[in-house]
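Me: I would like to learn how to read a model residue by residue. Can we work through one together?

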Amino acid sequence: MWFRSLLLAVMLAVVFLLIGCSGDSGSGPLAIKWDRDACERCRMVLSDRHHSAQIRYFPPHKQRSAVARFDDIGCAVLWLSEKPWQQDPRTEIWVTDHRSGEWIDATRAIYVKGHHTPMEYGLGAQTEAAPDGLSFAQAKEHIRSVEQQNQIHTAHLLERLKEQEARRARDKAEDTDRGGE
């Protein structure tokens, strides 16, 4: 009987030791390896310590949470909007305070426009109220608006590039025709 108790105690100690060594408490943001970790959405390296974000989520059919890292709150919001579990109440969103670099709850943060951010969504997060500050819901609308403008700009850019390529091909064909005369 004492052997089973001892075995159970040792097994519990090993389990707690393994959990403690994992470095992940299962809640909150994780440490970032600055200039090495990449954004889950755009793959840009995370280097701006004042405009980064993380999302802790529970992948389907998994017991433990996973953490995705982002270089800009805009990337985090857009990435999450494409996930079927975006409304899961266990999902946590963290963003760095634009002044201190400390992690704060993104859903409770106040967002201030006019910042130079890695992906140009232009929002800095803070815990204190601010004139013209945006709630998380308003910040998401701002991000969607910026993304829509960027998509329109990108579509026009692609059209211009195609036109430029067609013009070059015509010019090259004309040069070949003149050279062949």
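This is a predicted model: local features need pLDDT of at least 70, side-chain atom pairs count only at pLDDT 80 or more; totals for chains, interfaces and linings use all residues.

Me: Let us take one residue. Where does Ser-52 lie, and is Ser-52 buried or exposed?

Reply: Ser-52 lies in the loop between helix H1 (2-21) and strand E1 (53-57). Burial is read from relative accessible area, and under 20% counts as buried. Ser-52 has 1%, so it is buried.

Me: Which residues is Ser-52 in contact with?

Reply: Set aside the neighbours within four places in sequence. Ser-52 is then in contact with Trp-34, Leu-46, Phe-70, Asp-71, Trp-94, Val-95, Thr-96 and Trp-103.

Me: Now the core. Which residues of the largest nonpolar core touch the most other members?

Reply: This core has 30 residues. Those touching the most other members are Ile-55, Phe-70, Ile-73, Trp-79, Val-95 and Tyr-111.

Me: Which elements give two or more residues to this core?

Reply: The strands are E1, E2 (66-70), E3 (92-96) and E6 (123-126). The helices are H2 (73-81) and H3 (136-179). H2 gives the most, with seven residues.

Me: Which residue caps the N-terminal end of H2?

Reply: Asp-72 does. One of its side-chain oxygens lies 2.9 Å from the backbone nitrogen of Gly-74.

Me: On to rings. How many aromatic pairs does a search of the whole structure find?

Reply: The search finds five. Read the distance between ring centres, then the angle between planes. Tyr-57 and Trp-79 have ring centres 5.5 Å apart and planes at 65°. A plane angle over 60 degrees counts as edge-to-face, so the Tyr-57 and Trp-79 pair is edge-to-face.

Me: Why does this pair tie together parts that are 22 residues apart in sequence?

Reply: Because Tyr-57 lies in strand E1 and Trp-79 in helix H2. Tyr-57 counts as buried at 14% relative accessibility. Trp-79 counts as buried at 8%.

Me: What kind of pair do Trp-79 and Trp-85 form?

Reply: They form an edge-to-face pair, 5.7 Å centre to centre with 65° between the planes. Trp-85 is buried too, with a relative accessible area of 12%. Tyr-57, Phe-70, Trp-79 and Trp-85 form one aromatic cluster.

Me: Which residue lies over the face of Phe-58?

Reply: Arg-90, at 4.1 Å from the ring centre.

Me: Next, charges. How many salt bridges does the structure hold?

Reply: It holds eight. The general idea is that side chains of opposite charge can pair when their charged atoms come close. One case is Arg-69 with Asp-37, at 3.4 Å from N to O. Arg-69 lies in strand E2 and Asp-37 in the loop between H1 and E1, so the bridge ties together parts that are 32 residues apart in sequence. Arg-69 and Asp-37 are both buried.

Me: Which residue meets Asp-97 in a salt bridge, and is Asp-97 buried or exposed?

Reply: Arg-99 meets Asp-97, at 3.2 Å from N to O. Asp-97 is buried, with a relative accessible area of 5%. Arg-99 is partly exposed, at 43%.

Me: What separates Arg-144 and Glu-141 in helix H3?

Reply: First the general idea. An α-helix has 3.6 residues a turn, so residues three or four places apart point the same way. Arg-144 and Glu-141 are three residues apart in H3, so about one helical turn separates them. Their salt bridge has its closest N and O atoms 2.9 Å apart. Arg-144 is partly exposed, with a relative accessible area of 37%. Glu-141 counts as partly exposed at 49%.

Me: Which residues do salt bridges with shared partners join into one network?

Reply: Asp-97, Arg-99 and Glu-128.

Definitions and conventions: Residues are numbered from 1 along each chain as its sequence is written. Side-chain values use heavy atoms; hydrogens and water are left out. Helices (H or I, at least four residues) and strands (E, at least two) are DSSP runs, numbered from the N terminus. Buried means under 20% relative accessible area, exposed over 50%, partly exposed in between (1.4 Å probe, protein chains only). Contact means heavy atoms within 4.5 Å. A nonpolar core is a set of buried Ala, Val, Leu, Ile, Met, Phe, Trp, Tyr and Cys residues joined through side-chain atoms within 4.5 Å. Rings of Phe, Tyr and Trp (its six-membered ring) pair if their centres lie within 6.5 Å; planes under 30 degrees apart count as stacked, over 60 as edge-to-face and the rest as tilted. A charge sits over a ring if NZ of Lys or CZ of Arg is within 6 Å of the ring centre and within 35 degrees of the ring normal. A salt bridge is a side-chain nitrogen of Lys or Arg within 4 Å of a carboxyl oxygen of Asp or Glu. A polar contact is a pair of N or O atoms within 3.5 Å; within protein, one must be able to donate a hydrogen and the other to accept it, and residues adjacent in sequence count only if both atoms are side-chain atoms.
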